[in-house]
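Student: I would like to learn how to read the links between side chains. Where do we begin?

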Amino acid sequence: MSDETDAAGATPAPGEPGPQSEPARPRGIRSLIAEHRVLAAIAALVTVGLLGTAVAFAATMTGGEPVPAPSATPTPTPASTPTPTPTLTPTPEPVARERTCSVAGLAADPRLANLQAQVMNAATGEVLFDRGGLTASRTASVMKVVTAAAALAVFSPDDRFATTVVKGSEPGSVVLVGGGDLTLSRTATGNETVYPGAAHLDDLARQVRAAWEADPSNPPLTKLILDSSYFGGETWHASWAPTERELGYMPKITALMVDGDRDDPYANTSRRGADAVGRAGDAFAAELGGVAAIERGTAPAGATELGRVWSPTVAQLIDKSLVVSDNTVAEMLARQVAITVGTGNTFEAIDPAVRQALETYGIARGGIRVVDGSGLSPDNAVPPAYLTRLFAKVEAREGSLGVIRDGLPVAGQRGSLSYADRFAGENAVADGSVFAKTGWIDTGYTLAGIIHAQDGTTLTFAISALGDVSQITADAKVAIDTLATGFYRCGDELSNE
């Protein structure tokens, strides 16, 4: 199911382990023994330091991988605490700062079902609030941020994807070759669909006709062959509800389609068809004219190219996937990442490809599992701790991650956080200060991103309300917004109590 209400106000059809606290920090050495046992004291100190470091490292493990390390300069954590240097004078144990702003009541709201959450000071890397932050669980459409980060690790923000037409092996035939651009449009050039910057079939047809007619040896063009082999495997993931297509949130995923296979190219939410490739073929044949037969097949190796059009840029695609939570574009990006990384062109190829791409950011992945690019599957899993660290890098615009920062919905101002049911009433105090991706499936409601807090602190956060939220969607959404507003009010005084 989809995770958002779209800009036109349509209500969409719609991860789960419970809270888990981070292990306690190893205690420091409070005193040294008498001077005549200096050598023994030194050995003891070194031993304790090494053990403390080992315990701290083990404490950051989940799903067989370390918990992500902060991107900014961190306040020392168990994993980074240096081995104490032996000294003849007692070394005082650092005193943890006492914070007094509690959101415990908000976090206990039953509308949040099984809460998982984490909040981090983006500048210091200090975790201020944690409820099961190390547990990898379903993300709903927050997964689109992970997909976008993987895409930006593989592609330049200005990269585009091509759809081409080549000569067929039979006289009078051409092959329309899908290159995985699911935004390609059947509307007339000059019209803007739901995908700004989309290529148009009429432009491609003009190129093909001109190239065909330029060669007087060509017979009449009468046959069109459709090649969608760039994507392989199943076109619909088994964990997706079939109603998602009928309700207008997800098409069957093929490398050749037009307008995200929408019935209405101008509506974000629009019923999708049963045969995306066929729809694209019929539309292109109409633009070419004279086509008497349409078949499915593959392009001959080394065939002469007759025309080419380009998708919107990766940056534009990411913006679309984030701001209104477009499932189609997210799946397009995930599959393109898999093909480019070399793991394959099926759903099964997405997980190893995305995980490999994410290594670029140097954040331990903490048991991440990537089933799809959109987050529609309940089988996706990402720990809140990974998200808080990734968003710290997004806020710092590390590498090309500024593209994600610019694409995030903004409370009260942009995208899926600007709708009337988000950050309303008393929560409107945080309008313009919460930059976050929303998510919703039947078994989880999520919100993760960046908060410019009231005291000037920049926080990164992830909230997941996990359980059967399908009947209490509005209430769960309000409870999440209220908790995020609590983080905004507390800022760096946020207490974990």
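Tutor: Begin with accessibility. Buried means under 20% relative accessible area, exposed means over 50%, and partly exposed lies in between (1.4 Å probe, protein chains only). This is a predicted model, where local features need pLDDT of at least 70, side-chain atom pairs count only at pLDDT 80 or more, and totals for chains, interfaces and linings use all residues. Residues are numbered from 1 along each chain as its sequence is written, and side-chain values use heavy atoms, with hydrogens and water left out.

Student: Is Asp-351 buried or partly exposed?

Tutor: Asp-351 is partly exposed, at 22% relative accessibility. Arg-355 has 17% and counts as buried.

Student: What links Asp-351 and Arg-355?

Tutor: A salt bridge. The term means a side-chain nitrogen of Lys or Arg within 4 Å of a carboxyl oxygen of Asp or Glu. For Asp-351 and Arg-355, the closest N and O atoms are 3.9 Å apart. Both residues sit in helix H9 (residues 350-358), 4 residues apart, or about one turn of the helix. Helices (H or I, at least four residues) and strands (E, at least two) are DSSP runs, numbered from the N terminus.

Student: How many salt bridges are there by this rule?

Tutor: The count is 20. One of them pairs Glu-295 with Lys-223, with the closest N and O atoms 3.0 Å apart. Glu-295 is in strand S8 (residues 293-296) and Lys-223 in strand S7 (residues 223-227), so the pair ties together parts 72 residues apart in sequence. Glu-295 is partly exposed at 34%. Lys-223 is buried at 15%.

Student: Which residue forms a salt bridge with Asp-259?

Tutor: Arg-186 does, and the closest N and O atoms are 2.8 Å apart. Asp-259 lies in the loop between helix H5 (243-247) and helix H6 (276-288), and Arg-186 in the loop between strand S6 (173-177) and helix H4 (201-213), so this bridge joins parts 73 residues apart in sequence. Asp-259 is buried, at 1% relative accessibility. Arg-186 is partly exposed, at 22%.

Student: Which residues are linked in a network of salt bridges?

Tutor: Arg-99, Glu-126 and Asp-492.

Student: What is a disulfide?

Tutor: A covalent bond between the sulfur atoms of two cysteines. The cut-off here is a pair of cysteine sulfur atoms within 2.5 Å. The structure holds 1 disulfide. Cys-101 and Cys-490 form it, with sulfur atoms 2.0 Å apart. The link is left-handed, with -65 degrees about the S-S bond. Cys-101 lies in the loop between strand S2 (65-66) and helix H2 (104-107) and Cys-490 in helix H12 (residues 473-490), so the pair ties together parts 389 residues apart in sequence.
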